[in-house]
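Open the model in your viewer and keep the selection tool at hand.

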Amino acid sequence: MEQDLELLQFPDERLRKVSKPVERFDAGLTALAESMLRVMYESKGIGLAAPQINHPTRMIVIDISEDRNSPLVFVNPKLTSFKGNVESNEGCLSVPEIRTIVKRHKTISLLAQNLDGSKINIEAGDLLSICIQHEIDHLDGKLFIDYIPSIKLQRLRKQIAKQKKLSNNQAPQGTTVSIV
Ligand code: NI
């Protein structure tokens with residue numbers, strides 16, 4: 001499975017596929033979740049969706065804990081309701097150079113399954129809510145930069161190109177960005 005662990009990067013068209021629902025809750029699914037967690041931790045992200053490592057399967061992993069020891073796995077995740085709005089400052093492991101503000105639902109209700117197929121029903125707010133929404137978008141072939149008007153996206157890409165040349169490619173102080 002090691003050779004499958006390529007982290008796909010924008011504009012790779014495979015990131016645009018709609019992933020398929022999981023029907024078999026077997027050892028292969030658990031192994032895929034473990035691989036996803038490994039890639040997520042190694043890349044220092046707080047979330048990862050299976051299609052990002054070229055598995056068009058509806059499964060996401062998340063760890064928003066400070067100590068990086070509270071992995072969450074959601075199979076076939078689906079929002080059943082949402083409330084309010086929030087602006088989140090996001091980045092994505094598959095779009096490494098861009099950080100920007102995206103509008104998300106503030107709180108959500110999530111229906112999903114565990115690796116054994118049992119049902120999960122949770123309410124989430126704050127960072128967990130944002131992270132879940134970002135990862136579910138990946139399952140639908142959607143990236144966070146799709147929310148940015150194209151003119152602004154062009155400007156962002158130019159800025160990033162300039163920043164790279166300046167070698168001082170750091171986020172401004174005092175900003176917290178979620179890389180998901
Ligand atoms: Ni992402």
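Start with strands β4 and β5, which form a hairpin with five residues between them. Select G117 in the turn: its phi is positive, about 95°. Strands here are DSSP E runs of at least two residues, helices are H or I runs of at least four, and both are numbered from the N terminus.

Before moving on, two notes on the model. It is predicted, so local features need pLDDT of at least 70 and side-chain atom pairs count only at pLDDT 80 or more, while totals for chains, interfaces and linings use all residues. Residues are numbered from 1 along each chain as its sequence is written, and side-chain values use heavy atoms, with hydrogens and water left out.

**The strands**

Show β5 (residues 119-124) beside β4: the two pair in the antiparallel sense over six bridges. Two strands pair if DSSP finds at least two bridges between them. Pick L111; its bridge partner in β5 is N121.

Select E90, whose bridge partner in β4 is T100.

Stay in strand β3 and click K78. Is K78 buried or exposed? K78 counts as exposed because its relative accessibility is 56%. The classes are buried under 20% relative accessible area, exposed over 50% and partly exposed in between, with a 1.4 Å probe and protein chains only. Leaving aside neighbours within four places in sequence, K78 is in contact (heavy atoms within 4.5 Å) with S109, L110, L111 and I136. Draw a C-alpha to C-alpha distance from K78 to L8: 23 Å, across 70 residues of sequence.

**The nickel site**

Select the nickel ion. Its protein donors are C92 (SG), H134 (NE2), H138 (NE2) and V180 (O), at 2.0 to 2.3 Å. Donors are N, O and S atoms within 2.8 Å of the metal (3.2 Å for Na, K and Ca); water is not among the atoms, so sites may look incomplete. The sequence spacing of the donor residues reads C-x41-H-x3-H-x41-V.

Check the angles next. The four donor atoms subtend 75 to 153°, so the arrangement is irregular. Four donors count as tetrahedral if all angles lie between 85 and 135 degrees; four count as square planar and six as octahedral if opposite donors are over 155 degrees apart and all others between 65 and 115; anything else is irregular.

Turn to helix α2 (residues 126-139). H134 and H138 are about one helical turn apart there, because they are four residues apart. Both H134 and H138 are buried.

C92 is buried too, at 1% relative accessibility. Select C131, buried at 0%. Its closest cysteine sulfur, in C92, is 10 Å away, too far for a bond. The whole structure holds zero disulfides (cysteine sulfur atoms within 2.5 Å).

**The cores**

Finish inside. A nonpolar core is a set of buried Ala, Val, Leu, Ile, Met, Phe, Trp, Tyr and Cys residues joined through side-chain atoms within 4.5 Å. In the largest, of 18 residues, M36, L48, I53, M59, V61 and V73 touch the most other members. Elements giving two or more residues to this core are α1 (27-42), β2 (59-62) and β3 (72-92). α1 gives the most, with seven.

Center on V61. Not counting residues up to four places away in sequence, V61 touches A33, M36, L37, M40, I46, G47, L48, L72 and V73. Apart from this core lies another, of 16 residues, among them I62, F74, I108 and I120.
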